[in-house]
Amino acid sequence: MMSTLDGEQLEFSKCSSLEPPGKNGGGFDSGEPGATRPVESGRTDATWMTSRKELWAFYLYYIGNNGLSGFNFGPSQFQNLLYLAGYDPTYPPYSAPCGSGTDCVLPYLGKIRDINSIVLLTNGISFAIQAALLLVIGAWADYGQWRPNITIIFTVVAVAVSFAWLGVDDPSKWQAGVVLYILGLITYQGALTFWTAAFPGLTRHLPEVQKSAKEVQEGIKSADEHATFESLSRNRVSNISFTVSSVGEVIILVIMVGILEGMKAEESTENNTKAFSALIAFSGAVWLICALPWFLIEKRRPGLSLPPGSSLLTIGFHQTYVAIQECMRLKQTFLYLIFYFLMGDVLNTTVYVPSIAQIKLVGLSFTALLLELCKTGM
């Protein structure tokens, strides 16, 4: 249900400073044998030790930020509103509704466009805004102590967008749906990105990882053995997080089936449209409930210090410049990043194209969509 390579995204969270390994504060551990830098003396303090409560709060947040509101149901409601508001272009404008076997168009950005083109174009606009926004603030996940606050802001706005869909349950309001669709995608991805950025510090301060690092300092264990142990610990946390999120999501979907039955979504198009908005709001409420423990329990571990001559407004561009230089030197890493982004784009395409095709196959039935998501989750 996610728009990114979720299991892998946790393991390969973005590099902290893109500096060569071995420099002070030079990025997250690479996972390569011998590449893990020793834990700094100031960070073995119990103040930053990861507790079981914090770890499970991290897992719980992922249940809420499962993509149902901003990535699944929001886009589906957007398509639904476009379909109901659109008209068959073979007849005068707005004189004939769209049918399962006809084209469907609406005026958008100065042209009459097919509603499928509107969805893909709006998705592209959303992606461009995300890219520009994260270019500026993405580095804030690594520097200073802004990351937890930004996670909270993105989450609160995403939840607000989810509840705002309750007021957009009529085809005449499809233009408002454009705004909510874009905001929903941006805030979902933003919250997921900044929450994921907590992962390296969280795993590095696990008691068993700290104990292993101490054994390296005492000469009991080699750096390679510690690197392997820390890598396995990261994989374990990543796998548990993804499993907990998937199980939680299936439970949420089952509850939603009951809500749909209560709203009699299949009895009329109006009920179906209202059900779309109601379950988006329900998803947002679940997200907020699951996020609160993380907001309250997370330990705000200090980030990296800004490089000389940089500020929070320029560090993103500085990182991009350094990344380009490093990619020229680390060609295999550069190729990996290219294919990673290509895989992400393929994943997005495999999610959106079938959702567009469903209009012609099963119509925009929320019950059919929900049951399909249940099968996918299981």
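1. C98 is buried, at 12% relative accessibility (buried means under 20% relative accessible area, exposed over 50%, partly exposed in between, with a 1.4 Å probe and protein chains only). C104 is also buried, at 5%. A disulfide joins C98 to C104, with S to S at 1.9 Å; a disulfide here is a pair of cysteine sulfur atoms within 2.5 Å. The angle about the S-S bond is 75°, and the link of C98 and C104 is right-handed. By this rule the count is one disulfide. C290 is a buried residue with a relative accessible area of 9%.

2. This is a predicted model, in which local features need pLDDT of at least 70 and side-chain atom pairs count only at pLDDT 80 or more, while totals for chains, interfaces and linings use all residues. Residues are numbered from 1 along each chain as its sequence is written, and side-chain values use heavy atoms, with hydrogens and water left out.

3. Most residues other than glycine have a negative phi. Y94, not a glycine, has a positive phi of about 65°. Y94 sits in the loop between α3 (68-85) and β1 (105-108) (helices are DSSP runs of H or I, at least four residues, and strands are runs of E, at least two, numbered from the N terminus). Y94 is exposed at 52% relative accessibility.

4. L109 also has a positive phi, near 55°. Its place is the loop between β1 and β2 (111-114), and L109 is exposed, with a relative accessible area of 54%.

5. T196 belongs to helix α6 (residues 174-196) and is buried at 4% relative accessible area. The T196 side chain reaches the backbone oxygen of L192 at 2.6 Å.

How values were computed. Polar contact = N/O pair within 3.5 Å; in protein donor to acceptor, adjacent residues only side chain to side chain.
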